[in-house]
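This report covers a pocket lining and a helix packing. The structure comes next.

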Amino acid sequence: MTTTDVTKVLVLGASGKTGRRVVERLRGRSNVVVRPASRSTLPRFDWNDESTWDDVLDGMDAAYVVYAPDLAVPGADEAVGAFARRAVSLGVRRLVLLSGRGEEGAGRAERALAASGAEWTVVRCAWFAQAFSEDFLRDAVVDGTIVLPAGEVAEPFVDADDIADVAVAALLDSGDAGHAGRVYELTGPRALTFAQVAAELSEAIGREVRYVPAPAAEYGAMLTGHGVPEAEAEFLAGLFATVLDGRNAHVADGVREALGREPRDVRDVVRAAAADGAWDAVAVTRAG
């Protein structure tokens, strides 16, 4: 399969942080047709409803596979494996999986994808730098206090734009680039503690943002107090405490291996987000 052969690409999780970036990049390619898919698109896609799978896979050459809510959820690997096998049976030859570092469930999903018979690539990612500007930590930044069960562990936060660039390169692999059969560990260029990121945020925004470490049980109770269902809160608290135990504190070379350039630093990500008014918009909404 060459680059010209890959003309139709399915993107799951198309409204998510990496999915929408992958869609934007693919739409910028004149020879590529992209099919965004989620529970709100037509055709509709739902991981929990296999009857929705065939319509989104029909006629596609490649697919960017994003499992929701997280590959750590029990049964995620079985769903990814079933989807990958179905994709191959319908003629989809190339699959690129968004995965997470240090998660046992993610590792099982990666193996299930590789066993499908597809040309596969795994993009195994550190915490997204955009978690502070586009995700669940955005309100915490606005409030000025980030609470997480992370202690003083460092994390090499990765830019979602770097993830999207690697995913697109793998999806449109000409064969010469050698992305097929590769696992890319994607991180930023340095590992920072959450306290250090809070300092970067403070400087970028122009007001103090603090980090407060909390035990997992206390963090779960805090989520429940904010309306998160108890089972989900317990799952998230346990997941965060697990992956933020130091196992992922090291920097990896995946971005350079895949793209031949250095990854973007979290400092640049948060400064760009501040310049774009990422936290100003939330402040206005909350004040209103």
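## Second largest pocket

The lining of the second largest pocket comprises three nonpolar, four polar and four charged residues. Here Ala, Val, Leu, Ile, Met, Phe, Trp, Tyr, Cys and Pro count as nonpolar, Asp, Glu, Lys and Arg as charged, and the others, Gly among them, as polar. Lining residues have an atom within 4 Å of a pocket point, a pocket being an open set of points on a 1 Å grid, for a 1.4 Å probe, with protein on both sides within 12 Å along at least five of seven lines.

The residues concerned are Ala72, Gly102, Glu103, Glu104, Gly105, Arg108, Gly238, Leu239, Thr242, Val243 and Arg247.

## Basis of the model

The model is predicted: local features need pLDDT of at least 70, side-chain atom pairs count only at pLDDT 80 or more, and totals for chains, interfaces and linings use all residues. Numbering starts from 1 along each chain as its sequence is written, and side-chain values use heavy atoms, with hydrogens and water left out.

## Packing of H1 and H6

Helix H1 (residues 17-27) and helix H6 (residues 160-171) have axes that come within 9 Å and cross at roughly 55 degrees. H1 is therefore oblique to H6. Their crossing is right-handed.

On the H1 side, the contact (heavy atoms within 4.5 Å) involves Lys17, Thr18, Arg21, Val22, Arg25 and Leu26. Residues of H6 in the contact include Ile163, Val168 and Leu171. By class, the contact has eight nonpolar, one polar and five charged residues.

Methods
Axes are lines fitted to C-alpha atoms, for helices over the stretch in contact, and angles run from 0 to 180 degrees between N-to-C directions. Helices (H or I, at least four residues) and strands (E, at least two) are DSSP runs, numbered from the N terminus. Angles under 35 degrees count as roughly parallel, over 145 as roughly antiparallel, 65 to 115 as roughly perpendicular and the rest as oblique. A crossing is left-handed if the near helix is turned anticlockwise from the far one by less than a right angle, and right-handed if clockwise.
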